[in-house]
Amino acid sequence: MAINWTDAQISQIVQSVMAQMNSSAPKVSANWDATQYNGRKFIGIYEDMHDAIAAANEGYKAVRSMTLAEREKIIAEIRRLTHEEAPIMAALGVAETKMGRVDHKIAKHHLLADKAPGTEDITPTVKTGDYGLTLTEMAPFGVIGAIAPSTNPSETVLCNCIGMVAAGDGVVFNPHPGAIATSNYAVDLVNRASANAGGPKILVASVVKPTLDTADIMFKSPIIRMLCCTGGPGVVKAVLSSGKKAIGAGAGNPPVIVDDTADIAKAAKDIIDGCTFDNNLPCIAEKEVFAFANIADELISNMLKHGCYLLTREQADRLAEIVVEKKVGKDGVTRTSVSRDCVGRDAKVLLEKIGVHVGDEIRCAIAEVPFEHTFVQTELMMPILGIVRVQNIDEAIDLAVKAEHGNRHTAHMHSKNIDHLTRFARAVETTIFVKNAPSYAGIGFGGEGHATFTIAGPTGEGLTSAKSFTRSRRCVMVDNFRIV
Ligand code: NAD
């Protein structure tokens with residue numbers, strides 16, 4: 001399963017995806033909803049969360065009694081169907097959420113199908129000594145209640161399912177209401193894979209209409225033993241307050257430092273490639289740049305060679321007013337939130353909002369801004385990049401750590417100075433730290449290591465995989481079973 005992609009292979013995948021897009025962009029039927037796609041009724045989708053939990057519990061009973069080989073057969077079928085149906089899920093995701101890019105979403109599905117670990121991730125350990133033998137095995141946790149985001153809806157469902165099925169768990173989803181058809185398509189895909197591979201017809205489950213109430217039923221159900229939440233700060237807080245074992249994969253605001261030892265032309269391309277991937281929806285994507293003053297002009301001019309539009313300060317301020325909305329609550333307090341009309345939209349669409357008309361070749365809006373600016377401080381999840389000039393590495397690290405807001409999620413750096421790289425990595429303490437590459441190298445796209453769409457910083461599992469969804473159990477045999 002391990003795939004080590006070379007740059008040439010990645011570029012081949014991207015080119016083939018682009019060709020597919022240009023020639024036969026998947027047309028998703030307007031006739032889809034949370035329960036069916038093109039007339040095919042989804043399996044494992046329930047009106048009532050209690051029924052969905054009960055179905056997931058039956059799936060769990062089936063999967064925990066399977067051999068590893070049987071689980072692996074189902075996982076292989078999930079991978080096959082994910083590759084095959086990636087264009088449909090990608091097109092569905094963009095059509096339903098109005099966010100992101102079909103070509104990049106296709107690539108994300110292929111990535112998880114190839115690189116989300118299966119049963120090989122669950123390894124027992126043995127200790128022997130004077131007193132005999134101790135075996136530690138990773139057991140299933142039980143039925144997991146999973147919450148999925150709107151930004152990577154089917155990707156998160158599929159990635160979670162591969163890991164959770166490999167671990168021998170059951171899973172019921174409360175997906176994002178704004179991405180329910182796409183998420184439930186993925187739930188159905190997993191159930192079809194299970195049936196094809198000789199598993200139960202309903203292995204995993206979801207609901208027709210997820211709400212905060214259905215989430216609450218999940219939080220409180222005695223059948224649910226673990227919660228796994230992929231989303232923003234509000235929902236992570238909610239699952240961590242549930243009293244259950246919880247995995248929280250929360251928000252980020254990844255800063256990038258570029259110092260004067262970096263390959264500036266490559267840094268510019270890498271940053272823009274990462275920042276614009278799926279229109280900046282990935283939580284790991286570059287959100288703001290701290291550039292040494294003596295290379296900042298060169299960096300910006302190189303970015304302009306890669307599909308960027310340089311905003312004036314006045315344009316940047318006007319766009320900031322639009323992409324972040326201010327609302328006065330019932331308590332009279334003014335709160336800000338990113339505009340759902342702007343998250344994940346094409347740069348061209350965002351620029352039109354301030355009267356700037358550009359072609360499809362423009363994939364990112366960049367602006368030189370002060371540290372306090374919205375483009376630096378807010379996790380926008382849009383192809384907009386604020387660039388702050390800094391005088392030296394001390395200032396760069398200080399401001400980048402502040403901009404990351406203590407999420408300890410992801411940070412990036414372009415430099416050939418080992419001391420600078422080490423200092424920033426130690427100071428920012430993020431789950432993912434990418435050096436001299438686009439952000440997506442951090443989840444295995446052109447970088448070593450497995451893929452996931454659930455990066456659990458707050459609860460410490462890091463890049464989740466099958467073993468994150470297991471319980472460690474020890475079996476001790478005293479004075480026996482040693483063969484020496
Ligand atoms: P969101 O927080 O709006 O929604 C995530 C999920 O939580 C949805 O299913 C939503 O219905 C549910 N939800 C929200 N509040 C809830 C509550 N109080 N109780 C129960 N459920 C609740 O997130 P989104 O906009 O879809 O996704 C973007 C956010 O998620 C960003 O902040 C991004 O950084 C983060 N994210 C993190 C990761 C990661 O791996 N760390 C991955 C993807 C997205």
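1. Asp 188 is buried, with a relative accessible area of 0%. Buried here means under 20% relative accessible area, exposed means over 50%, and partly exposed lies in between (1.4 Å probe, protein chains only). The side chain of Asp 188 makes a salt bridge with that of Arg 192, at 2.9 Å from N to O. A salt bridge is a side-chain nitrogen of Lys or Arg within 4 Å of a carboxyl oxygen of Asp or Glu. Arg 192 is buried as well, because its relative accessibility is 14%.

2. A word on the source. This is a predicted model, in which local features need pLDDT of at least 70 and side-chain atom pairs count only at pLDDT 80 or more, while totals for chains, interfaces and linings use all residues. Residues are numbered from 1 along each chain as its sequence is written, and side-chain values use heavy atoms, with hydrogens and water left out.

3. Back to the pair in point 1. Asp 188 and Arg 192 are four residues apart in helix H6 (residues 180–196), so about one helical turn separates them. Helices (H or I, at least four residues) and strands (E, at least two) are DSSP runs, numbered from the N terminus.

4. Glu 314 and Arg 318 form another salt bridge, with the closest N and O atoms 2.8 Å apart. Both sit in helix H11 (residues 313–323), four residues apart, so about one helical turn lies between them. Glu 314 is partly exposed, at 47% relative accessibility. Arg 318 is partly exposed too, at 36%.

5. Asp 121 and Lys 467 join their side chains in a salt bridge of 3.3 Å, N to O. This pair links distant parts of the chain, 346 residues apart. Asp 121 is in the loop between helix H4 (102–115) and S4; Lys 467 is in the loop between strand S21 (462–463) and S22. Asp 121 is buried, with a relative accessible area of 14%. Lys 467 is partly exposed, at 45%. The whole structure holds 26 salt bridges.

6. Now the surface. Arg 64, Arg 225, Arg 471 and Arg 473 gather there in a patch of positive charge. Patches are made of residues with over 30% relative accessible area and no salt bridge; like charges are joined within 9 Å, and nonpolar side chains (Val, Leu, Ile, Met, Phe, Trp, Tyr) within 5 Å. Lys and Arg count as positive, Asp and Glu as negative, and His and the chain ends are not counted. A charge is placed at NZ of Lys, CZ of Arg, CG of Asp or CD of Glu. Arg 471 lies in strand S22 (residues 470–478). At 35% relative accessibility, Arg 471 is partly exposed.

7. Strand S22 also holds Val 478. Val 478 is exposed, with a relative accessible area of 51%. Together with Tyr 131 and Val 476, Val 478 forms a nonpolar surface patch with about 350 Å² of accessible area. Accessible areas come from the Shrake-Rupley method with a 1.4 Å probe; for residues, only the protein chains shown count as cover.

8. Val 126 is in strand S4 (residues 125–129). Val 126 is exposed, at 53% relative accessibility.

9. Two phi angles deserve a look. Most residues other than glycine have a negative phi. Asn 279 has a positive phi near 55° and is not a glycine. Asn 279 is in the loop between helix H9 (264–275) and strand S12 (288–292), and is buried at 2% relative accessibility. Glu 429, also not a glycine, has a positive phi of about 55°. Glu 429 is in the loop between helix H15 (418–428) and strand S19 (432–435), and is partly exposed at 46%.

10. Last, the overall fold. The protein has 15 helices and 22 strands. Buried residues make up 57% of its 484 residues. The C-alpha atoms fill a box of roughly 70 × 60 × 55 Å along the principal axes. The radius of gyration is 23 Å, which agrees with the value near 23 Å for a compact globule of 484 residues. That radius is taken over C-alpha atoms, and the globule rule is 2.2 Å times the number of residues to the power 0.38.
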